[in-house]
Number of protein chains: 2
Amino acid sequence: VLSLLQKTDIALSCWGSLPFPTELSEAPGCLKYCCHLTGQLKEIVPAPFFKKGFLVSNWGDAPAHGIAEGCMTLLLAVLKDLHVRIQVMRKGGWEIDKKNYGGSLERLEVGVYGLGAIGRRFVDMLRPFGCTIRIFDPYVVKLPEGCLRAENLKELFSLSQAVVIHVGLTPETTHSVNAQLLALLPDHGVIINTARAKIIDQEALFAELKKGRLRAGLDVTDPEPLPENHPARQFENLLITAHTIGDPWPTDGKPLKKLYRYHEIALDNIKRFLNHETPQFLMDEERYQRST
Amino acid sequence: VLSLLQKTDIALSCWGSLPFPTELSEAPGCLKYCCHLTGQLKEIVPAPFFKKGFLVSNWGDAPAHGIAEGCMTLLLAVLKDLHVRIQVMRKGGWEIDKKNYGGSLERLEVGVYGLGAIGRRFVDMLRPFGCTIRIFDPYVVKLPEGCLRAENLKELFSLSQAVVIHVGLTPETTHSVNAQLLALLPDHGVIINTARAKIIDQEALFAELKKGRLRAGLDVTDPEPLPENHPARQFENLLITAHTIGDPWPTDGKPLKKLYRYHEIALDNIKRFLNHETPQFLMDEERYQRST
């Protein structure tokens, strides 16, 4: 691997690539640019590469769409109790109990916790559905058009019927959605997490779900997978999607007919590099250290 | 009922109201305006009222939002195989088979059959998801911005990975989605119907679903409910939502905290009538005869 990479100008890597040998950062040969097609770099590109000033890029904002869309899917599916509907239908029933199930985004009070690249995509998708959009993100100065600001999480949860999580996992956000906040949501209140599991105090959420008071959609759980016999797997007011809600159209194992956005980002970056322009979505040491 | 209504200037009616007595159209007393809060009029307001020139209004475009939103819900849920995911999760599994399941609206080819009030709402909701939107509606001269036109249904089904139905049920559209058209959709192709069941040749669709070739979401079936032991209830590639996908937030049997749009339309219409202005969404005899 070392001698092959030393003969290479640009190294392409992806999920499941072998790690770059650490020696390469001291004896790079021709290697100038590591173009990583996907997101997480830590297992593939060791830290010394950043100290040595190699160009390293990843897929940047490419996955934002899929996660925002996954969040919209779970929000709509949970609000309309598809899980319950499917069970009723399979058992020979028909309508679900309107007193306890159902919902529409029209005029709903929706809270958004965190407004990074994914949160912004999500807000763009949500806007045509005619709900009130209230955002908590103390690091954002200017909110998107038509959105309201929540000054703190307590305000966000007090005023929302549904809350979606798009914040990153940091010491500050870990278990920030706790029992006290969840208790502020109204009965049938909805919580959606397509970010990181540890942002929510999962035990507190599961306790509310077990009581039947709230409804939830989780693309992320702690641990992943949940144990085979975990009781939350049977909750009818919980939809779990195994950290794969952003997955694309099935391939049947055949070659792709279309490029995905992250392929195009990599191709564009290689073109930029060859034209002596700066690739997009370059990682620096500080972001590398902060990243998952 | 007759003598009460004769003492009334404005009669309010709704789902489940007693029918207006036919004699009232000959001897109306004070009655001038029938303000029907919801949609279907035929069982409540008899045809002679239209001949006699009473004002009769209904909820107009109020339900368009709920149906368009329901269609978005089913499209996303079917594309991401939530039905399969729920079964896998309950049985102790985790991820679904990526070769056969999954999908994103990003760059998907979506076909829209019918562009009335509901179809237009749907297109507004779909646009931020970054798909190609292709519309078949020979009665629409100018398409919404950024949408492509299909000249006929064959073209719509040939070029789409997912097709949604927003056309009305007429002799022309009855069973217009038939086996030949369904065969044009690719493997894993998606079809969503939140309009009327008889627009699709249901036997042809169920045959495709049984083979596992397509995926579908149906808010409408023929008959409703489906028989308790109907095999389609167990199809993992079919989501059925019992003609209630547009239902609002659960009430727990308590009074509503907010008015719905159809309440506001009725209130606005009564205000208009009292101010000698024309109410919105008036029915005329021709539309009454054509309506469901």
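Is B:D9 buried, partly exposed or exposed? Select B:D9 and keep that in mind while the ground rules go by.

This is a predicted model, in which local features need pLDDT of at least 70, side-chain atom pairs count only at pLDDT 80 or more, and totals for chains, interfaces and linings use all residues. Residues are numbered from 1 along each chain as its sequence is written, chains are lettered from A and ligands numbered from 1 in the order in which they are written, and side-chain values use heavy atoms, with hydrogens and water left out.

**Stop 1: B:D9 and its partner**

B:D9 is partly exposed, at 40% relative accessible area. B:D9 and B:K32 form a salt bridge, with the closest N and O atoms 2.9 Å apart. (A salt bridge is a side-chain nitrogen of Lys or Arg within 4 Å of a carboxyl oxygen of Asp or Glu.) B:D9 sits in the loop between helix 1 (2-6) and strand 1 (10-13) of chain B, and B:K32 in the loop between strand 1 and strand 2 (33-36), so the pair ties together parts 23 residues apart in sequence. (Helices, H or I of at least four residues, and strands, E of at least two, are DSSP runs numbered from the N terminus.) B:K32 is partly exposed too, at 43%.

**Stop 2: a buried pair in chain A**

Select A:R215 and A:D81. Their side chains meet in a salt bridge, 2.6 Å from N to O. A:R215 is in strand 9 (residues 215-218) of chain A, while A:D81 is in the loop between helix 4 (64-79) and helix 5 (82-90), 134 residues apart. A:R215 is buried at 3% relative accessible area, and A:D81 is buried at 4%. The whole structure has 32 salt bridges over all chains.

**Stop 3: one helix of chain B**

Go to helix 8 (residues 202-211) of chain B, where B:K211 and B:E208 lie three residues apart, about one turn of the helix. They form a salt bridge at 3.7 Å between the closest N and O atoms. B:K211 is exposed at 63%, but B:E208 is buried at 7%.

**Stop 4: where the chains meet**

Show both chains. How many residues does each chain bring to the contact? Chain B gives 70 and chain A gives 70. (Contact means heavy atoms within 4.5 Å.) The two chains bury about 6300 Å² between them, 56% of it on carbon and sulfur atoms. (Buried area is the accessible area, with a 1.4 Å probe, that two parts lose on being put together, summed over both.) In chain B, select B:R90, B:W94 and B:W249: these lose the most area to chain A, together 14% of what that side buries.

Six salt bridges cross this interface. Zoom in on B:R107 and A:E264, which form a salt bridge at 3.0 Å between the closest N and O atoms.

Next, pick B:T244, in the loop between strand 10 and helix 9 of chain B. B:T244 is buried at 4% relative accessibility. Leaving out residues up to four places away in sequence, B:T244 touches A:R85, A:E95, A:K98 and B:D219.

**Stop 5: cysteines**

How many disulfides are there over all chains? The count is zero. A:C30 is partly exposed at 34%.

Methods. A disulfide is a pair of cysteine sulfur atoms within 2.5 Å. Buried means under 20% relative accessible area, exposed over 50%, partly exposed in between (1.4 Å probe, protein chains only).
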